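Please examine the sequence and the structure shown below. The paragraphs that follow lead through them step by step.

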Amino acid sequence: MTSRSKRKEIITRSLLLALFTIPLPLFYGIYLTRYKGTPVPDTAWISWYDDPRHEVYVAWETNANTTGTVHFGTDPLNLVNSSVESMAVKFHVVNLTGLAPDTKYYYRIDQDGTTYTTGEFRTAPASQPEFTFGLFADTQQKVGPGWHGHTAKEIANRNYSFVAMVGDFVEDGEKFEWNDFFTKASTYLDTIPIVPVRGNHDKPRDLDDDGIDEYYFGNYFPQTVDSISGLNPHDTGEQFYFSFNWSSVHVQVLHFPEIDIDDFGEPGGLNPGDYNRSFTADQLAWLEADLTNAAAMPFRITLFHCPITGAGFYGPNYVLKEELLPILQSYNVTAVVSGHAHHYERGTLVNQTFPENPLTYFVVGCGGGLTDIGLRPVPETDVALASPCFTEVTANATYLEFTTYGFEGTVLDKFSVGA
Amino acid sequence: MIGTLTLNPMVGIHILALAQTVFTAIYLVVPANAKPVKKKRQRTLDFFRYFGLGTLSVFGILFMDIGLSWLAGNWTMTDWRFQLPNVILLVFLGMQYILIVLLHGGTILDVAFISVVSGIMIVFLHVIIPSEVVMGELLEDGLVFLLAIPAGIYAVISLVKVLLIDPRRLDQGESRGSWLSWDASEKLKKIYTRWLTVIFWVLTTFQSMLAFYGYSLLTLV
């Protein structure tokens, strides 16, 4: 072989090598760089503490400390009410009070003389008309399949009174992950309020090793930290629980921080003794008192992240089964909804003590993260599947219907409960 | 329906895409008819060739397990449009990665290695893990060892092949690439052609990229 043809062969092989080895690493590099560089989106969201008939809050984030003004009213062309922030902040929360039930409101956020964003919402009704809301969980993107964007688009096309996100918005708690969540959720947040449930991945973390935990979940959803402002008398700082009525449904949001089962057995994490402290007396006392107050409501739905049982990787949670389940059943809770396991599941929890009150449970962990595969149905499992999906709940005074949709409107499961 | 545990094909496709990239580059770019080099250097090259292919075969076993487990029953619980392309690629290429070890210098050691690793992986994924109350953590921790330990063992096998088996074969007038007791290499080479390697490289690469955005080759159709 001449030196010229040898050189030609070397060049050809080098080009071939580049052709086959560069595209994938290059794509991964670009994808991760873009993902990690996701900016703070220009979006705001509506949520509430315990009375969405008369009071909600609007929240948003800015890159720098700013002071915002929220103009709101029932006429989009004449927003007669306004609320001004008292100090410049990055994580903005403005309470909108004195609202009328079952009324559509429009709002506009102004910052530095310019409009930041606009949106609308409807307050909870005082009576019990039919309404729908959405349920999903576990949107963790990371190396996931990117399904949260699709879920968000599906939800945006529906006329929901609110969506409940049942925990694990993010995987590692990094800021760009939150930016990614809100970027995708922005497709519906301007018209659909969000009810947050804290997942184990949403916990405070010391991301920059300065000895201080960043707690973005608390920054975005001040239900967690409003013991400081005194707006939520039930909040005890670290724990996170509240409830509200919407039409015929009483919705409870719980969180038991000590039973994040992912931490079990890890250095510095949980040990079996911690399970004894899983349920603090104040949260359990609040839970029972709240269920007592809601006894007259046709339906009671309790949301918390880690499921009582399920076909996923984590199996049954015996502490929840033994300590929480009897309470929920004794107060005739209609359904519990969790995430954590990345699949959809519906099942029936029968309790020896209260056999007349079986409890329907849902796992709605297919909101965007990698779905589980190799499900291991437990005796309580009625339906289990691992498709990307979200659950729609339609409620009126006499029935509650859960419909789980895959993408493009495919109905994956349907279940009804009478009052 | 067999509700058996396995890795998610959505994860498997990313590992497979990287494996196929490496495989394609070596298969197409490294000269197959390179001139013989010095004996010591030849041994080093042979060692890395054996070791690389052996490691690939360990992943091949995992890929096959992921794909076949899904086909065995998990498809009933998923939106198949997202998983089926992953599964087809995992099964087809996983099989190729196993066969390629046997094609290039396969010995009784390779047959034993692949049999034992397959057995251990099947028992671990489908017997030990499902018997745990909390499956997730043991799966994540155990799988790392399950991939790393066989790779280490195959490094030893590669040494044995380079230092003991190959010299004996050459003394007996056989080539390094000969089969132990049967020869299906020509037939298989007709199946696993260079063009097919490139086609599968394109498919795995695109499928991996699409997965990050919540699409698959089938959802685009």
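**From chain B to the cores of the model**

In chain B, among contacts between residues at least 6 apart in sequence, 83% join residues at least 24 apart; contact means heavy atoms within 4.5 Å. This is a predicted model, in which local features need pLDDT of at least 70 and side-chain atom pairs count only at pLDDT 80 or more, while totals for chains, interfaces and linings use all residues. Residues are numbered from 1 along each chain as its sequence is written, chains are lettered from A and ligands numbered from 1 in the order in which they are written, and side-chain values use heavy atoms, with hydrogens and water left out.

The secondary structure of chain B consists of eight helices and zero strands. Here helices (H or I, at least four residues) and strands (E, at least two) are DSSP runs, numbered from the N terminus. Of the 221 residues in chain B, 51% are buried; buried means under 20% relative accessible area, exposed over 50%, and partly exposed in between, with a 1.4 Å probe and protein chains only.

How do the helices α1 and α2 of chain B cross? The axes of α1(B) (residues 9-29) and α2(B) (residues 39-72) come within 11 Å and cross at roughly 145 degrees. Such axes are lines fitted to C-alpha atoms, for helices over the stretch in contact, and angles run from 0 to 180 degrees between N-to-C directions. Residues of α1(B), including I15(B), L16(B) and F23(B), meet residues of α2(B), among them F59(B), F63(B) and W70(B).

A loop of chain B leads on to chain A. E132(B) lies between α4 (108-128) and α5 (135-171) of chain B and is partly exposed, with a relative accessible area of 34%. Leaving out residues up to four places away in sequence, E132(B) touches R376(A) and L138(B).

In chain A, three strands form an open sheet in the order β1-β2-β5, with antiparallel pairing; two strands pair if DSSP finds at least two bridges between them. Because β1 (44-47) and β5 (89-96) of chain A each have a single partner strand, they stand at the edges, and one side of each is left without a neighbour in the sheet. From one strand to the next, the twist averages 25 degrees. Four bridges link β1(A) with β2(A), residues 56-66, and S47(A) stands opposite Y57(A). Across β1, β2 and β5 of chain A lies α4(A), running at about 75 degrees to β1(A).

Consider next β3(A), residues 68-73. Six of its six residues are buried. In a regular strand the side chains alternate between the two faces of the sheet. On one side of β3(A) are G68(A), V70(A) and F72(A), and on the other T69(A), H71(A) and G73(A). β3(A) runs antiparallel to β6(A) (residues 104-111), joined by six bridges, and V70(A) has I109(A) as its bridge partner. Four bridges also connect β3(A) with β4(A), residues 81-84, where V84(A) is the partner of T69(A).

Finally, which residues have the most contacts inside the largest nonpolar core? They are V58(A), Y188(A), I194(A) and F221(A), in a core of 77 residues. A nonpolar core is a set of buried Ala, Val, Leu, Ile, Met, Phe, Trp, Tyr and Cys residues joined through side-chain atoms within 4.5 Å. Its largest share, six residues, comes from α4(A), residues 175-189. Apart from this core lies another, of 45 residues, among them F47(B) and V91(B).
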